[in-house]
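Dear colleague,

Please find the structure below, together with its sequence. My notes on what was found in it follow.

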Amino acid sequence: MSIDVSPPIVLRVDALHKQFGDVAVLKGIDLKVRQGEVISLIGSSGSGKSTFLRCLNLLEMPTSGAIEVNGQGLHIDTASDGTARLSNPRLVDTFRLQLGMVFQSFNLWPHRTVLENVTEALIWVKKLRRADADDRAMQVLTRVGMANKRDDYPLALSGGQQQRVAIARVLAMQPGIMLFDEPTSALDPELVGEVLRVIRQLAEEGNTILLVTHEMRFAREVSSRIIFLHQGVIEDDGTPEEVFNNSKSERVRAFLSQH
């Protein structure tokens, strides 16, 4: 009898739909993610990539479908009045803790220092003592090269530095899966590299990552899987070699020829 030595599935998505009014943005996404996978989501603007990430941690409530994180499942459908019905509403906070999100626009508190931006959730959500929160914050700020900016405010930082603080804030919460929603799209070109270096480091450390990006070369180098979304469905899903060099989809080939 053969023994499955594959890493465990940490995220399972079944028939995920999302509509905004009459517009269907996600049209039945099915996905399994194993521990340690680095998956880049690529595709044209408007294909549903960012909406998909936001639905995973329930910042956007899906219209219907099911999401399972580390064995805990949540089913969603929509009542006749248009409101979402959740099979287990108590799992919402659990999902958000396990699915750490790094946004395009940093979302740092301007009135908090770098250190305070990282410790706030540790103290109020994780209930750590301030000294312990400070210790953990300094550990992750060191990892992203921002420890020397601990007492600065976000407005004193470059965009790349702010994004590295945002990554540190997520790392401090120790999520099982990290979601990156176009983390370099708001940056000047000369600042993109410093953020990509941090993401590459996290990938090499074995973190489970879902990354929405337009940085095709980086996606190819860092990912274990590439998923191409088109009009709310998965058009292609494979290794970087399979998708970039041997995709059977004409849409994928046309998209990559322009990038």
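I begin with a helix pair: α5 passes α6 in a right-handed crossing, where a crossing is right-handed if the near helix is turned clockwise from the far one by less than a right angle, and left-handed if anticlockwise. This is a predicted model, in which local features need pLDDT of at least 70 and side-chain atom pairs count only at pLDDT 80 or more, while totals for chains, interfaces and linings use all residues. Residues are numbered from 1 along each chain as its sequence is written, and side-chain values use heavy atoms, with hydrogens and water left out.

Helix packing

Helix α5 and helix α6 (residues 189-204) pack at an angle of about 20°, with their axes 8 Å apart; axes are lines fitted to C-alpha atoms, for helices over the stretch in contact, and angles run from 0 to 180 degrees between N-to-C directions. That angle makes α5 roughly parallel to α6 (under 35 degrees is roughly parallel, over 145 roughly antiparallel, 65 to 115 roughly perpendicular and the rest oblique). On the α5 side the contact involves G159, G160, Q161, Q163, R164, I167 and L171, and on the α6 side L191, E194, V195, V198, I199 and L202; contact means heavy atoms within 4.5 Å. Helices (H or I, at least four residues) and strands (E, at least two) are DSSP runs, numbered from the N terminus.

Helix α5 (residues 159-172) also packs against helix α4 (residues 130-143), at an angle of about 135° and with the axes 9 Å apart. α4 is therefore oblique to α5, and α4 passes α5 in a right-handed crossing. Here R136, V140, L141 and R143 of α4 meet A168, L171 and A172 of α5.

A147 is located in the loop between α4 and α5. With a relative accessible area of 21%, A147 is partly exposed (buried means under 20% relative accessible area, exposed over 50%, and partly exposed in between, with a 1.4 Å probe and protein chains only). Apart from neighbours within four places in sequence, A147 is in contact with M138, L141 and T142. A147 and V114 are 33 residues apart in sequence, yet their C-alpha atoms are 8.8 Å apart.

Seven of the eight residues of helix α1 (residues 49-56) are buried, so α1 is largely enclosed by the rest of the structure. These buried residues are K49, S50, T51, F52, L53, C55 and L56. L58, which follows α1, has a positive phi, near 65°.

I67 belongs to strand β4 (residues 64-69) and counts as buried, at 1% relative accessibility. Between the C-alpha atoms of I67 and N57, 10 residues apart along the chain, the separation is 9.3 Å.

Aromatic rings

The structure holds one aromatic pair. The ring centres of F228 and F255 are 5.2 Å apart and the planes stand at 65°, so the pair is edge-to-face; rings of Phe, Tyr and Trp (its six-membered ring) pair if their centres lie within 6.5 Å, with planes under 30 degrees apart counted as stacked, over 60 as edge-to-face and the rest as tilted. The pair links distant parts of the chain, 27 residues apart, with F228 in strand β10 (residues 225-230) and F255 in helix α9 (residues 250-257). Both F228 and F255 are buried.

Two charges sit over rings, under the criterion that NZ of Lys or CZ of Arg is within 6 Å of the ring centre and within 35 degrees of the ring normal. K18 lies over the face of F20, at 4.7 Å from the ring centre, and the charged end of R169 sits over the ring of W109, 6.0 Å from its centre.

With kind regards
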